[in-house]
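Here are my notes after going through the model you sent over. Have it open beside you as you read.

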Amino acid sequence: MGLFDKNPFGHNLYIKKWLIRILALLSHQRYKRFNTLEIEGSEIIRNLPDKNVLFVSNHQTYFADVVAMFHVFNASLSGREDSIKNLGYIWQPKLNMYYVAAAETMKKSLLTKIMAYAGSVSVERTWRSEGQDVKRQVKMSDISSIGKALNDGWVITFPQGTTTPWKPLRKGTAHIIKKYKPVVVPVVIDGFRRSFDKKGLRIKKKGILQSLVIKEPLQIDYENESSESIIEKLEYAIEQHPSFLKVISKQDLLAFEEENKQRKWKKT
């Protein structure tokens with residue numbers, strides 16, 4: 001990598017590498033000291049191609065979720081087995097890794113602008129703007145930007161478009177999958193909502209269960225499978241299908257939530 005090399009979005013890779021290193025250094029203890037992040041599926045990460053991989057995940061905070069994934073994915077590529085011990089893995093981070101985020105969110109502060117430079121594919125939300133519900137057409141330039149990122153490397157997306165659980169997935173995700181035919185890897189996270197504030201910047205409570213599970217890539221018939229079928233498959237894979245709510249009663253869900261508030265993982 002040369003000093004002046006850039007990615008397809010015009011970002012200097014040398015600057016991006018140092019931003020990722022610094023952000024990783026500042027955030028590492030949030031998953032290893034104040035809270036312990038339990039990981040499953042590191043071996044799946046190492047078997048993925050270098051490009052055209054779409055990670056699809058449920059969403060609990062604005063930033064803590066994706067930062068954890070940057071840690072886990074880089075650690076896995078460096079040979080760590082379900083662990084983010086020894087931060088040395090971030091010295092040579094995967095630079096062609098991106099995440100989809102709302103453009104208005106990534107412009108709000110200096111910190112969000114720095115995080116955007118580190119890997120955001122900023123898109124305009126079609127259903128909400130500045131705290132108000134709206135209805136807008138999907139911008140084709142946004143879809144093209146996600147396609148550009150996939151052509152260059154890996155993309156993380158949160159298809160519910162909100163940190164509220166059990167919300168339906170946006171159909172645009174299925175359109176992107178059918179159009180660009182990426183390897184689709186489901187990721188299921190938990191504990192981040194209890195550990196951090198909504199933005200994922202402030203630690204709200206220590207010693208909370210956190211987990212990040214990487215599942216095997218989905219089998220998708222890109223040509224013949226309908227968008228509705230793909231969406232339903234994604235909902236099951238990231239455990240956000242409405243049927244999951246029918247398995248556990250509301251009372252049991254509340255009890256389970258209260259139990260998790262008190263639960264701590266053993267030190268590793």
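1. Overall make-up. Keep in mind that this is a predicted model. The chain carries twelve helices and nine strands. Of its 268 residues, 49% are buried. If you take the contacts with a separation of 6 or more, 72% of them link residues 24 or more positions apart.

2. The sheet. Seven strands form an open sheet with mixed pairing, and reading across gives the order β1-β9-β8-β2-β7-β3-β4. Which strands sit at the edges? They are β1 (37-40) and β4 (120-123), each of which pairs on one side only. From one strand to the next, the twist averages 20 degrees.

3. Strands β8 (residues 183-190) and β9 (residues 210-214) run antiparallel and are joined by four bridges. To find your place there, look for Asp190, which stands opposite Ser211 in β9.

4. A helix on the sheet. Helix α7 (residues 140-152) packs on the sheet and touches β2 (53-57), β3 (97-102), β4 and β7 (154-157). Relative to the direction of β4, that of α7 makes about 165 degrees.

5. α7 against α8. On the α7 side you'll find Ile143, Ser144, Ile146, Gly147 and Leu150, which meet His175, Ile176, Lys179 and Tyr180 of α8. Sorted by class, the contact residues come out as five nonpolar, three polar and one charged.

6. α1 against α6. Helix α1 (residues 13-27) packs with helix α6 (residues 110-117) at an angle of about 120 degrees, and their axes are 9 Å apart. Why are α1 and α6 called oblique? Roughly perpendicular runs from 65 to 115 degrees and roughly antiparallel starts over 145, so an angle of about 120 degrees leaves α1 and α6 oblique to each other. The crossing of α1 past α6 is left-handed. Ile15, Lys16, Leu19 and Leu23 of α1 make the contact with Leu111, Ile114, Met115 and Tyr117 of α6. This contact has seven nonpolar residues, no polar ones and one charged.

7. Two backbone angles to look at. Most residues other than glycine have a negative phi. Asp82 has a positive phi, near 50 degrees, without being a glycine. Asn86 is not a glycine either, and its phi is positive at about 60 degrees. Where do they lie? Asp82 is in the loop between α4 (64-77) and β3, and Asn86 is in the loop between α4 and β3 as well.

8. Accessibility of those two. Is Asp82 partly exposed or buried? Its relative accessible area is 31%, so Asp82 counts as partly exposed. Asn86, at 58% relative accessibility, counts as exposed because the cut-off for that class is over 50%.

Key
Residues numbered from 1 in each chain as written. Predicted model: local features only at pLDDT ≥ 70, side-chain atom pairs only at ≥ 80, totals over all residues. Heavy atoms only, no water. Axes fitted to C-alpha atoms, helices over the stretch in contact; angles between N-to-C directions. Helix = DSSP H or I, 4+ residues; strand = E, 2+ residues; numbered from the N terminus. Parallel < 35°, antiparallel > 145°, perpendicular 65-115°, else oblique. Left-handed = near helix turned anticlockwise from the far one by under 90°. Contact = heavy atoms within 4.5 Å. Nonpolar A, V, L, I, M, F, W, Y, C, P; charged D, E, K, R; others polar. Pairing = 2+ DSSP bridges. Buried < 20%, exposed > 50% of the residue type's maximum accessible area, 1.4 Å probe, protein only.
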